Amino acid sequence: MNRLRNSFLFAFTIFLTYLNAAPCKACGDGETFVQGVLKISVVEQSVAVVLDFNYLAKDNARSSLSFWIDSEMDIQSVDGHQVKSYSFDKKAEPFATLTVTFTEELGEREETTFSIAYSGKPSKGFWVEEYQWVDIDPDFMIFPVFNTLENFSYQIKAVVDDVNYKFIDIQKGIFSKEIEVTSVSPSYYINPILASDNQKNGMALFDSSAGDDNIKVFTEYADSARFVSDAALRIFDLFNSTFAKEEQVNFCSVLYRPIPYDEHKITRSFKPSVVFARSHDNIATLAHEISHFWWDRGDALTTEKWLSESFAQYSEMMFLRHDQGEEIFNEIIEKLAARTGNLPPLLGGDRFGKYGDELIYAKGPYALYQLESRIGHEEFVDFLVAVNRNRVATTGHLLEVLEKQTSAEIRKEFEKLLKS
Ligand SMILES: [Zn+2]
């Protein structure tokens, strides 16, 4: 794979780790809406899909649309009264590309409807022999991805042809024979559609509550379920009483999945659910993913993504301090300090460059630690609450909120830190 392709894949992965599924508020109303049916054949290890698009042009003079889609798919038809033709270039870079051409250009905010039917054996997602598992993961492009990175909402109903297979509906916290996933998504599908032979896999649903909090864990390991739900309850306890106190979340479902991490590296946050693929005692990662229920901010293609990742990383550290003590926290801070020494400035850095990850996973959280040390824990927590309350999505806005919450002097100091 070339570098461009790698960075695209990487971009998808990082988008997906923090984007939260939201109910379809505007289906067909003011934005592009996609409604479809996905048929999964376990026997054939294939899918058959029909998608109906209600497309709303976001720019002027749009004469065609392009989608990235798994090159193993075969397009059966693209129908619509304004569709002139379509072509599918399986060898296109960075991904196989389906292009739909219209009979005439669409003006801005002009609507058109068309449907796409396709089928095939996806190159990834079927782990039937080894794990009795099917995963229609957003990264696998089993669904077409707009190459224009625009928002749309969707509603997909999925069915599976093997009676032993059931869907794991992590959003609702149930096993079911059919599933309907709904979301608003920038250019691709962000709800995972997961099906498995749950009986063979020994998948069970473990439910635990404490106070107002309810945690559901899907897993084959009863001990892990207890461990994960106990940890999640402690995590919610801390988050709901600190940075999330004005927007508490009291329900979460966690899929602790059977596919080993080295085969399918997916640990993700889909508010209010987490797909957790690490060893169960890696509760720091669980805290990180849960914190993304709140920290889902900033342009994912630039280091503005620090507004998600650095805050999630620091939330994870706050949890470890609370759960396991100052000593462990201080050790982490020491290591973090050593990593940040020679890094370029966080702001304006290259997200996909050599230091991209270090900037947002080390330098950013270290800057937050420095801020907390400077203004004190209570004021720091109030600042985090204000960041959530104000729906901060840019560093500029963050600095304004900080100044309002503290002082012009603190803002100046912190801004300098981010720029040095
Ligand atoms: Zn993250």
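Analyst: The donors of the zinc ion follow the spacing H-x3-H-x16-E along the chain. This is a predicted model, in which local features need pLDDT of at least 70 and side-chain atom pairs count only at pLDDT 80 or more, while totals for chains, interfaces and linings use all residues. Residues are numbered from 1 along each chain as its sequence is written, and side-chain values use heavy atoms, with hydrogens and water left out.

User: Which protein atoms are the donors of the zinc ion?

Analyst: Donors are N, O and S atoms within 2.8 Å of the metal (3.2 Å for Na, K and Ca), and sites may look incomplete because water is not among the atoms. Lying 2.0 to 2.8 Å from the zinc ion, the protein donors are His288 (NE2), His292 (NE2), Glu309 (OE) and Glu309 (OE).

User: Is His292 buried or exposed?

Analyst: Buried means under 20% relative accessible area, exposed over 50%, and partly exposed in between, with a 1.4 Å probe and protein chains only. Because its relative accessibility is 0%, His292 counts as buried.

User: How far apart in space are Val34 and Ser373, C-alpha to C-alpha?

Analyst: Val34 is buried, with a relative accessible area of 0%. In sequence, Val34 and Ser373 are separated by 339 residues, and their C-alpha to C-alpha distance in space is 48 Å.
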